[in-house]
Amino acid sequence: MFIEVNDIKKSYGEGGSYVQVLKGITSGIKKGQICAILGPSGSGKSTLLNTIGGLDTIDSGSIKINNIEISKLNPKELSLYRRNLLGFIFQFYNLVPNLTVKENIQVCEYLTKTPLDLNELLEILGLTEHQKKFPSQLSGGQQQRCAIARALIKNPELLLCDEPTGALDYQASREILMLIEKINKKYGTTMLIVTHNTAIKEMVHRVIKIKDGQISEDYANTVLKPASQLEW
Amino acid sequence: MILNKRINRELKENWVRYGALAFLIIFSLGLVVSMAGSTDVVNYTIDKNNEKNQLEDGEFSVYVPLTENQQQELKKMGARTEATFYVDIPGPEKSVLRVFKNRNDINTIELEAGRLADQTGQIVLEKHYAEKHGIRVGQSIEVNQKNYLVTGIGTAPDYSNVVQNVSDVLADLKQFSIGFVDETEFNQLLADNLNVDYNYSYQLEGNLTALELKEKLVDLEFDKTRVANKYMQEIIDTIEKGKNDLSGGVNKLADGTQELANGTSSLKQGTNELADGAGSLASGTDQLSDGLEELTSANATLNQAADDVFQGMIAQVNGTFENMGMPVTVTGDNYSTVIDGFIKTLDGSDPNAVSALTTLKTQLDSYRAFKDGLRDYTNGVESAYSGSVELSEGANELHQGSVAVVNGVNALSNGSTELNSGMGELKNQVTNFINENMDYQYVNLITFLEADDNQRITSCKSDAAINKNAALIAGVMILTLIAYMISVFVIQTIDKESAVIGALYSMGYVKKELLRHFMILPMVVVTAASLLGTALGFMLIDENIKENVAYYSYPGYTIVFPPYLLIYGILLPISIALLVNYMVINHKLSLEPLKLLRREKKQHRLANVDLKEMDFINRYRIRQLLREIRGNITMFFGLFLAILLMVFGFSIYGSVSAYVSNVASDVAYNYLYLLKYPMETAPSDATKVYTESLTADLYLTGGEMDVTVQGIDDQNPYFDFPLDGEKNDVIISDSVANKFGYQVGDEITLSDNLTDRNYNFRVKAVINFASGLYIFMDIKDMRELFGQEEDYYNTLMSDQELDIEAGRIATVITVDKMVAAARQMFTMMYGLVITILGASVLLFVIVMYLLVKMMIDKSTFSISLIKVFGYNEREIKKLYLGTTFYTVAFSTLVAIPLSKMIINKVFPYMVSNVSAGMNATMSLQSDLIMVAIILGAYASVNFMISRHLKKISLAEVLKTRE
């Protein structure tokens, strides 16, 4: 398994404000798969994503990514882990406002010695004509594409997507999902997508549903529906 | 790093902010570097000039010029000397020109134009004097009623501060200066003018110290007969006369005692004879007394016998009469009458009877006479006896007394012999005393002044040094504030881009990379501004140095680039910015990526303060203030610094103004004559005062400063404070109290450096007297303390100009001169005051604008939101700019008194080289002006921010996420 999550628990607060967000999650995802994590707000899906991304710590359990036990890494090692293995896509893009599209992508190109071809990526993501524009000059979908390009440029082994279509309209969301699909196929990138959008479950290899901090459903799709055919 | 591309864009987007900060850095560094640089230029120029022109190590003055041998002797010791004799003579426009002869070795003249005077009738003038009188080389000038050709214009290193007296507060460049003539011309001047100051400059070589030189000068032999100054000669004559009188008096006394000795010797002999005579007398009177005693013992018998004979005769006569039948009885008392009766009766009839009766009567008379005579005799013997007894007793007493006299005279004789012998010794001793102690060498040394204590030499550099230190300290404060402000802006950027930063962390960026990135912009801004500011500072040196060049007398300057100033101007701001920004940004970037992504902010504890039932507007304002507490605290410090500068500016203005006005009001006399050689009888319309110049330790500089002690009496019309008290009680001027930190009840020690004596005083009271540094005491006590005679004085105060021979006068101080000097100080300070006030207003406006704008920018979402809610512009201004008012009001209320307190403490150090104590003073008017400036600055910033508020779009709330 590329990702091995074993009985991870995570809580916040103390006393009266104590909340256990993850109550013993155990799962595994193979390399090159797209996995959708579904669940209602507050179910713990984003927390799971953040712990896998090394952005948040766990109280107990273990998380192994490519056989690296990340729960035991110190902040510096976690930075290196993220630098070498991960790409992140966020709901609100988080692009550097005063850098152009191309420059935003180059921000992460800087982090690797073996980046993907930038122009090719721009082309794939349909950003070639927008490469000199600033985020504020782009639509939400274009910004998210830029964010995806930024995440992919360093050719990460694992792409973590937190509500990548959450801020987008239907058409833009579909385009983003198509891109994700395309990239997975082209680069074999393992992807974890946290989303409210249940339609996504049909296009991914694996579906993990979380409810109240626990996995309520965990299954693999044998037949994948192309993103272009998704309806919601 | 591609991320760094955003820096340029960030700079462009926020050019007002960074531009304003850069402007502040450039402006403040420009001022600081120009001030400090000016000081360095002054120091460099003066040091170079001093070295080139052989600045003295010190100078001294004497009554009688040193002999060639004495100068050689001093040279052998290690003290090279050069005569710098001078005369003060009248120049044009009632000015005084101190004329020297050309110098060869020490304090040589640095010519700026022309050449040295090498013939009679030629003169070289000090450059400011020449300029003030519009004199150029080749023109002529009337000095001491004689025309001189000005052959050169220049400076002398020992008169870089051209003051007439070393204790003068300020120089009056038009009224006093120096000139140089050739030796022949100078000798002619000496012949004309008796009031020559025999001054020497010296340079020490080897291990000789100034103290050793001074001791040597005190010991140098001095031929009093060569004193040329007639007034000094008068003093010597008076002293010599006293000495001769003493010597003559002792001789007379010795002669007298010799005569006394001789007289007592004769007296002794006489008294011995007297004693012997008295002894004989006593013996004789004893014998006489004994004889008379024997005589006396027979007196009664003799008298009885005589009476018996007489009575027998009477009886015989009565018998005869009876026989003759004459019925009559005669007695011793009536016989004469009876017989005369018979004779008368018988007269003519019986001549025989008459004859017989006559014979009888004659016989009876003779018997009676015998009897009475005998009685008288015996009475006499008795009296003689009693007299002889008294005589005998007296003679005995006389004898005893004469013996005592003899003893006394013997003692007297012995005493007078001893006296005579003692007198001989006394005479020898007095003669020795006169020879030893009254053979006045008169200590030829009058003054001894080391170069380090000579304000003519030091004040230019020390004046500049104070400005420099103040500027450097102010610069560091401003730079730290700016660096912190920049970090505040960077933090705002980080906060604004928190999620982006979180995303970058998520991608694998490490803190070091982001820290470096976020440090670049402030560092670039600070570095560029520092370079520009430092360059500007060096360019402004010419402008800044103008006042110094116009006041002090030194040759043309050259700009220098001292390494420390380059470090201060460039490296220090960069270092401060690096440190401050590193600490602040590093702290900010230390947040966990997830928190940054979520824009999680630590809520300050203050934000939770319970505002109870406060009305909405005020509650909103306070919440906004607490939310932006960092910005508000920064603004407080910025405004505080601006207000501190403002208070400093107004304090300089106030204190110098007060000094000018106090000098005019505190000094009641119009003329003060300090006399080198006081007249025996002072003019009747003048008040006698005794003045001594002593030095006091000045804690502000660690050095010493001259103070003037004046002895006055109760009748002095120019002072109205009581002088009673202990002998060492003094009344000090508030100027002295401020300068030296003395208080009532303090025991203070003042020194006479020439005699190396210390005098202790107790401060009895402090009175208002702004001019100079004066200490007052009872003139009688002062005369006693300094060993002067009962009527001694050396100073005259008067309402009118006095007719005193010029040669007797050391200095004339007039109130007009004092006020003019004070006004000159005001003029000199005016530029600085304007610069400081201008800088403070700029700092105030820029700091306030930038920080308020930053806070408004941070609140864009909220402002947009409340606009959406329907708040109008007025209400929005009330909510957001009202918050700023709290900070401005608080800053003003706290900063003004705090700044005054700080300036009060610091101000004495700023004026530590001025020979007058000045408090930092601010008038109520200045307070009001300052508040008006603050309100004006606040209003203008409000106006600018209001325009910015209007621009905040309602759409912000749609595109921005809080």
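This is a predicted model: local features need pLDDT of at least 70, side-chain atom pairs count only at pLDDT 80 or more; totals for chains, interfaces and linings use all residues.
Helix 5 covers residues 140-152 of chain A and helix 6 covers residues 170-187 of chain A, and the two pack at an angle of about 20°, with their axes 9 Å apart. Angles under 35 degrees count as roughly parallel, so helix 5 of chain A is roughly parallel to helix 6 of chain A. On the side of helix 5 of chain A, the contact is made by Gly140(A), Gly141(A), Gln144(A), Arg145(A), Ile148(A) and Leu152(A). Helix 6 of chain A contributes Ala172(A), Glu175(A), Ile176(A), Leu179(A) and Ile183(A).

Next comes a helix of chain B. Helix 15 of chain B, residues 616-627, has twelve residues. From its first C-alpha to its last, helix 15 of chain B reaches 16 Å, close to the 16 Å expected at 1.5 Å a residue. Which residues of helix 15 of chain B are buried? They are Arg621(B), Gln624(B), Leu625(B) and Arg627(B). Seen down the axis of helix 15 of chain B, these buried residues fall within an arc of 165°, so they line one face of the helix. They pack against helix 16 (629-666) and helix 21 (873-910) of chain B.

The last topic is where the two chains meet. Here 20 residues of chain B are in contact with 23 residues of chain A. On the side of chain B that touches chain A, at least two residues each are supplied by helix 1 (5-13), helix 11 (498-507) and helix 14 (593-597) of chain B. Helix 11 of chain B gives the largest share of that side, six residues.

Note on methods
Residues are numbered from 1 along each chain as its sequence is written. Chains are lettered from A and ligands numbered from 1 in the order in which they are written. Helices (H or I, at least four residues) and strands (E, at least two) are DSSP runs, numbered from the N terminus. The expected span of a helix is 1.5 Å times one less than its number of residues. A residue is buried if 20 or more other C-beta atoms lie within 10 Å of its own, exposed if 12 or fewer, and partly exposed in between; C-beta atoms are placed from the backbone. The arc is that of the directions from the helix axis to the C-beta atoms. Two residues are in contact if their C-beta atoms, placed from the backbone, lie within 7 Å. Axes are lines fitted to C-alpha atoms, for helices over the stretch in contact, and angles run from 0 to 180 degrees between N-to-C directions. Angles under 35 degrees count as roughly parallel, over 145 as roughly antiparallel, 65 to 115 as roughly perpendicular and the rest as oblique.
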